[in-house]
Amino acid sequence: MSKKIDNMKIGIIGVGYIGKTLALKLGSAGHNVSVANTRSPEKMDPDVLATGAKAVTAQQAIEDNEVIILSIPLNRIPDIAPLFASVPENVTVIDTSNYYPARDLKINRIEGGLVESLWVTEQLGRPIAKAWNAIGSQSLKKNGKSSGDSDRIAIPFAADRGTDRNITKKLIEETGFDAYDTGLLADSWRQQPGAPIYCTDLTAAQIASLIDTAERARLPARRDLAVAAIMERMSSAEANPDADFGLRLSRALYI
């Protein structure tokens with residue numbers, strides 16, 4: 001029997017730019033959302049709870065929920081992995097993280113070519129879906145549109161299980177974007193940093209035309225060029241890159 005997608009119980013671990021926006025949008029869509037930060041629930045930013053989300057501990061965020069969304073840096077996933085020992089297999093876990101060696105330090109398995117999503121499954125010991133990793137935080141917050149809009153941005157996602165795929169697709173659409181199925185987790189490198197569909201704000205039709213142009217071996221170099229450009233731009237407080245700069249940079253380097 002498939003899960004009921006309406007009014008789901010969703011736990012979110014991590015309330016940075018992506019996690020906070022997901023808490024607000026999914027809460028506004030009518031889901032029962034609980035959120036956990038790195039500190040105590042009492043220190044949760046009240047803005048995160050504006051659409052009805054409840055502040056909880058990380059342990060509580062994974063208990064008795066139908067969906068768990070991880071919105072933390074990739075290098076912190078091993079730290080929370082023990083919490084998942086008691087999570088039922090039928091719970092959908094969605095990871096939003098990306099691998100950036102400058103932040104995460106080098107992870108040998110990924111450096112050796114393992115797809116980031118598959119590394120996450122190894123750490124958690126369970127299936128996951130991958131979504132909301134290939135859109136900038138400001139685009140996620142501000143650029144959602146109604147279904148059917150001709151220039152509605154699409155968000156790529158990947159999953160191995162049909163139920164995870166269906167739920168992830170529905171939740172993406174509820175955040176204001178088309179959902180583009182990129183296939184199995186083994187193929188999710190096509191939505192990793194450096195790929196043509198990563199943070200380039202494309203429609204579903206545009207993704208379809210570009211996704212197979214990704215060159216896996218070239219992704220890390222393009223990713224690192226983008227990081228270097230952003231860091232150079234941020235060297236002056238007066239020149240902090242805005243969302244438009246990030247979008248222009250991604251399109252110039254990745255497409």
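Predicted model: local features only at pLDDT ≥ 70, side-chain atom pairs only at ≥ 80, totals over all residues.
Local features need pLDDT of at least 70 and side-chain atom pairs count only at pLDDT 80 or more, while totals for chains, interfaces and linings use all residues. Residues are numbered from 1 along each chain as its sequence is written, and side-chain values use heavy atoms, without hydrogens or water.

Strands (E, at least two residues) and helices (H or I, at least four) are DSSP runs, numbered from the N terminus. Two strands pair if DSSP finds at least two bridges between them. Strand 6 (residues 129–130) and strand 7 (residues 154–159) run antiparallel, joined by 2 bridges. Ala129 has Ala159 in strand 7 as its bridge partner.

Next, the helices. In helix 10, Arg222, Arg223, Leu225, Ala226, Ala229, Ile230 and Arg233 meet Phe245, Leu249, Leu253 and Tyr254 of helix 11. Contact means heavy atoms within 4.5 Å.

Helix 11 also gives the most to the lining of the largest pocket, 7 residues. A pocket is an open set of points on a 1 Å grid over the protein atoms alone, where a 1.4 Å probe fits, with protein on both sides within 12 Å along at least five of seven lines; lining residues have an atom within 4 Å of a point. Of the 42 lining residues, Tyr17, Tyr100, Gly136, Ser137 and Tyr198 are the closest to the centre of the largest pocket.
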